[in-house]
Amino acid sequence: MTVERQRLLTERLRLLKRRTGLSLAALAAVTPFSKSTWHRYLRGDKLPPRAAVEALARLAHTEPEALNSLLSLWDAAVQEQSRPPTPPPIPSVRPRRLRPPVRALVALAAMATTVALTAGATDALDHDVAVEHMEHTVASCH
């Protein structure tokens, strides 16, 4: 239900209630609707059924033309309420670039350094072994 139609219907119902001079308790006593139900209708928290609108209009001695106008407003509010609500459009937002946690970067850098040093040490050891092997081979050839 559009806010404007609901607000307008609620205002008109409040005017009719004032015109009756009845309290909510008295209104509940002369209609099939409870005091708390009338309270919800007159605050605009809930759309009243057609019978409640007609009962209030009858108690306020509403003229037939004004009653027809009120019931037309009620019909429009009911139609609006029965339509599925249209969700608000989703704003287009560029996704933020997520930064990896600093601890993960530090750990990754430490692992990369360890791998590089280990690989370098292995190459150096392999080189020393190869040189020593060559020197031994050359010496034995003489």
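This is a predicted model: local features need pLDDT of at least 70, side-chain atom pairs count only at pLDDT 80 or more; totals for chains, interfaces and linings use all residues.
**Note on the helical chain**

1. Next, the overall layout. The chain has 6 helices and 0 strands. Read along the sequence, the pattern is α-α-α-α-α-α. The chain has 142 residues, and buried residues make up 22% of them. Take the contacts between residues at least 6 apart in sequence: 64% of these join residues at least 24 apart.

2. Now the aromatic rings. How many aromatic pairs does the structure hold? It holds 3. One of them joins F33 and Y41. Their ring centres are 6.1 Å apart, and the planes stand at 70 degrees. An angle over 60 degrees counts as edge-to-face, so F33 and Y41 form an edge-to-face pair. W38 and Y41 form an aromatic pair as well, again edge-to-face. Here the distance is 5.8 Å centre to centre, with 85 degrees between the planes. Together, F33, W38 and Y41 make one aromatic cluster.

3. How buried are these rings? The cut-off for buried is under 20% relative accessible area. F33 has a relative accessible area of 14%, so F33 is buried. Y41 is at 5% relative accessibility, so Y41 counts as buried.

4. Look at helix α3 as a whole. Which residues of α3 are buried? They are T37, W38, Y41 and L42. These residues cover an arc of only 130 degrees around the axis, so they lie on the same side of α3. What do the buried residues of α3 pack against? They pack against α1, α2 (24-30) and α4. Just after α3 comes G44, with a positive phi of about 85 degrees.

5. Two packed helices are described by the angle between their axes and the distance between the axes. Helix α1 spans residues 3-20, and helix α3 spans residues 35-43. They pack at an angle of about 130 degrees, with their axes 8 Å apart.

6. By class, the contact of α1 with α3 has 3 nonpolar, 1 polar and 3 charged residues.

7. Stay with α1 for one more residue, T20. Is T20 buried or exposed? At 18% relative accessibility, T20 counts as buried. T20 touches L56, L59 and A60, leaving aside residues up to four places away in sequence. T20 and R58 are 38 residues apart in sequence. In space, they are 9.4 Å apart, C-alpha to C-alpha.

8. Most residues other than glycine have a negative phi. H61 is not a glycine, yet H61 has a positive phi of about 55 degrees. Where does H61 lie? H61 is in the loop between α4 (50-59) and α5 (64-82). With a relative accessible area of 66%, H61 is exposed.

How values were computed. Residues are numbered from 1 along each chain as its sequence is written. Side-chain values use heavy atoms; hydrogens and water are left out. Axes are lines fitted to C-alpha atoms, for helices over the stretch in contact, and angles run from 0 to 180 degrees between N-to-C directions. Helices (H or I, at least four residues) and strands (E, at least two) are DSSP runs, numbered from the N terminus. Ala, Val, Leu, Ile, Met, Phe, Trp, Tyr, Cys and Pro count as nonpolar, Asp, Glu, Lys and Arg as charged, and the others, Gly among them, as polar. Buried means under 20% relative accessible area, exposed over 50%, partly exposed in between (1.4 Å probe, protein chains only). Rings of Phe, Tyr and Trp (its six-membered ring) pair if their centres lie within 6.5 Å; planes under 30 degrees apart count as stacked, over 60 as edge-to-face and the rest as tilted. The arc is that of the directions from the helix axis to the C-beta atoms. Contact means heavy atoms within 4.5 Å.
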